[in-house]
Amino acid sequence: MLDTSARLLRLLSLLQAHRERSGTELADRLGVTTRTVRRDVDRLRELGYPVHADAGVSGYRLGAGTKLPPLLLDDEEAVAVAVGLRTAAGGTVEGIAESSVRALAKLEQVLPPRLRHRVRTLGAMTVPLPDGGPVVPPDTLTVIAAACRDHETLRFDYRSHDGTESRREAQPHRLVSSGRRWYLVAYDPSRAGWRTFRVDRLTPRTPGGPRFTPREPPADDLAGYASHGLSTAPYRYQGRFTVHAPAARIAEHMSPSAATVEPLDARSCSVTAGSDSLDELALWTALLDAPFEVHGPPELAERLRTLAERLADAANGSTRGLDAGGARDVAGAGGV
């Protein structure tokens, strides 16, 4: 059995992990009786930690208070937190670089020497490459995350890709991060369907809306769902390809917001991507440097044949297809 001090720290850690835990569950996790749990909860309250229990309910939850509960981290968790803080210092969340550095300095101060050496070595040997993409205020992320957790309708102002401003309401489900951008997957009751919103274009409004009953998510793989919605659905043309190369190799050359890559077998994959230009789809796929087949749209295959002839002419020094004035006939050229 844990001694009292260690048990109190463990109890704090358990209360942090979930909004509410029953006394029986806490007793089982700590290896004590429910009576001991009640005594330990009273000790935490005496130390200033607001542990709440509703009348007639056997559950406990950690409320907001003036003290930040201590964290119990194993070696790998401590290194992961340190790496995350270093990444956040140059990441896509607005205004947290300085606070991330301060938090990292505090963490490194209390790390055991073996872990401090690992973290500092990683930092010294890493050169960050600024992304230059849009940043998101951390308050926006925490408001959205809380709405997802509490099943509360989110009210917000939204700016679409063409700059149109609108006021929206949605039932938030999850935040999705592509590494470069943040997205919100939510159900939009006014449009009776699931939507993916760019968080950097979103400004939450207060107060939020009423609670809602969670729906079945649109897909088990939310990252794949968001990738499809961002890379394909908004565009005029939806290109569908079989690429004869491993999915992992193809995925290295594009972000999830550019295309959806799904393995077919060890040597080939399905690629779906959208664009308002047939030329862009054709050239983008050709630059993957792997054999591929086009499954749609039909006009893309025709456009590829036209481009192939043009490229072959250029390679052979041919002037076939030029009119008397030296200009090429571009009738039927795709959407550029």
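**View 1. Strands β5 and β6 run antiparallel and are joined by six bridges.** Strand β5 covers residues 165–177 and strand β6 covers residues 182–188. Strands here are DSSP runs of E with at least two residues, and helices are runs of H or I with at least four, numbered from the N terminus. Two strands pair if DSSP finds at least two bridges between them. P172 stands opposite A186 in β6. The model is predicted: local features need pLDDT of at least 70, side-chain atom pairs count only at pLDDT 80 or more, and totals for chains, interfaces and linings use all residues. Residues are numbered from 1 along each chain as its sequence is written, and side-chain values use heavy atoms, without hydrogens and water.

**View 2. Strand β4 (residues 154–159) pairs with β5 in the antiparallel sense.** Six bridges link β4 and β5. F156 has R168 in β5 as its bridge partner. Five residues lie between the strands of this hairpin, where G163 takes a positive phi near 90 degrees.

**View 3. Three strands form an open sheet in the order β1-β3-β2.** The pairing is antiparallel. Strands β1 (21–22) and β2 (51–52) are at the edges with a single partner strand each, so one side of each has no neighbour in the sheet. Two bridges join β1 to β3 (residues 59–62), and R21 stands opposite Y60 in β3.

**View 4. Helix α10 (residues 278–286) packs against helix α11 (residues 298–316).** L278, D279, L281 and A282 in α10 meet E299, L300, R303, L304 and L307 in α11, where contact means heavy atoms within 4.5 Å.

Technical notes
Axes fitted to C-alpha atoms, helices over the stretch in contact; angles between N-to-C directions.
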